[in-house]
Amino acid sequence: MDLRELSKYGQGDIDHYAPPASYELVGQRFYFIMDDGKDYELNFVSREALEWNFVGEAPQKAEYICSKGEETTYLVSYELGTTPRSNHTYVIDLENWLVTRISAKVGENARYPYLITPRYEFGAIRRDGVEPTFKRHGYTSDLIGNIVQWNYGGMETVHIYYCANYYRITYPPERASSQMFNETLAKLPSSDEPTAYIKIKEGVYLFSLTEANMERLVGAAMPFRSNTMCFIQNYKSVTLIGRAFGTLTYEDGDHALHKMFGAVGKVLEPANTPDYIQKLLTDPNPYQV
């Protein structure tokens with residue numbers, strides 16, 4: 001697909017376009033029929049708190065953040081209150097009555113304790129008197145071959161969507177805020193990081209990345225430690241909302257990262273980009289044999 005045809009909130013370099021919180025789900029209760037057989041319930045009890053549980057287990061309370069990726073698509077994220085930290089993020093699609101869950105936990109890898117491995121699961125939303133649909137959100141190749149420049153306000157990035165399970169990133173050198181990131185990337189064989197591309201509906205995608213290779217090779221030299229980011233990208237408006245979950249490490253210790261952010265974008269014509277960006281569409285992945 002050629003994307004050109006579709007032509008907590010508030011602090012830091014990625015918050016200028018941070019979306020407003022959505023409270024439209026308050027008072028609603030959802031039953032998710034999940035494909036892994038572990039059905040799940042969410043009850044939005046207030047603007048700040050929800051109750052969650054796997055069906056058959058006692059509900060637990062959590063503070064949540066929620067924003068809209070488009071008119072009927074919501075991104076909901078909350079921590080489970082466990083040690084080590086664990087996060088559940090949902091894409092709730094009320095147009096198609098479908099749901100996608102991303103589970104992420106810090107501390108599962110003994111060698112790299114900050115490393116996060118997200119897990120994805122698909123399902124449908126149960127409605128009284130309506131047979132659940134057999135359709136699902138699903139992995140897609142629609143974005144492959146595209147280059148998109150995202151402007152977060154205080155920072156700009158260029159995403160290169162070059163294959164089914166990795167992406168690449170670069171930062172415009174003319175932006176002063178890009179210096180630290182470009183210096184970090186220079187220490188790596190490449191900016192490749194594992195990703196998932198999931199189609200939510202026509203023109204709307206979930207793009208999820210995890211800073212895994214940077215964590216393994218750079219570690220504490222970069223304060224962003226294996227953060228996993230989920231983006232609802234709407235290519236009808238070329239905007240995104242996103243959720244970051246991970247850890248920031250500074251001299252005074254670890255700081256939990258869990259927030260929403262937003263950006264406006266521009267789909268670039270590869271032939272009109274600098275040579276170093278064009279190469280990122282075709283260079284081999286140095287992390288794979």
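Which residues touch the most other members of the largest nonpolar core? They are W150, Y152, Y161, F231 and Y235, in a core of 30 residues. The model is predicted, and its chain has 3 helices and 17 strands.

**Nonpolar cores**
- F231 is in contact with Y152, H159, Y205, L206, F207, L209, L240, I241, G242 and F261, leaving aside residues up to four places away in sequence.
- Another core, of 21 residues, lies apart from the largest one, and F32, A62, C66 and Y74 are among its members.

**Barrel**
- A barrel is closed by 8 strands in the order β1-β2-β3-β4-β5-β6-β7-β8, with antiparallel pairing.
- From one strand to the next, the twist averages 30°.
- Strands β4 (residues 60-70) and β5 (residues 73-79) run antiparallel and are joined by 6 bridges.
- S67 has L75, in β5, as its bridge partner.

**Overall dimensions and surface**
- The radius of gyration is 19 Å, which agrees with the value near 19 Å for a compact globule of 289 residues.
- Along the principal axes, the C-alpha atoms fill a box of roughly 55 × 50 × 40 Å.
- Of the 289 residues, 53% count as buried.
- The accessible surface of the chain is about 13300 Å², and carbon and sulfur atoms account for 49% of that area.

Technical notes. Residues numbered from 1 in each chain as written. Predicted model: local features only at pLDDT ≥ 70, side-chain atom pairs only at ≥ 80, totals over all residues. Heavy atoms only, no water. Pairing = 2+ DSSP bridges. Helix = DSSP H or I, 4+ residues; strand = E, 2+ residues; numbered from the N terminus. Axes fitted to C-alpha atoms, helices over the stretch in contact; angles between N-to-C directions. Core = buried A, V, L, I, M, F, W, Y, C linked by side-chain atoms within 4.5 Å. Buried < 20%, exposed > 50% of the residue type's maximum accessible area, 1.4 Å probe, protein only. Contact = heavy atoms within 4.5 Å. Rg over C-alpha atoms; globule rule 2.2 N^0.38 Å. Areas by Shrake-Rupley, 256 points an atom, 1.4 Å probe, with all protein chains shown as cover.
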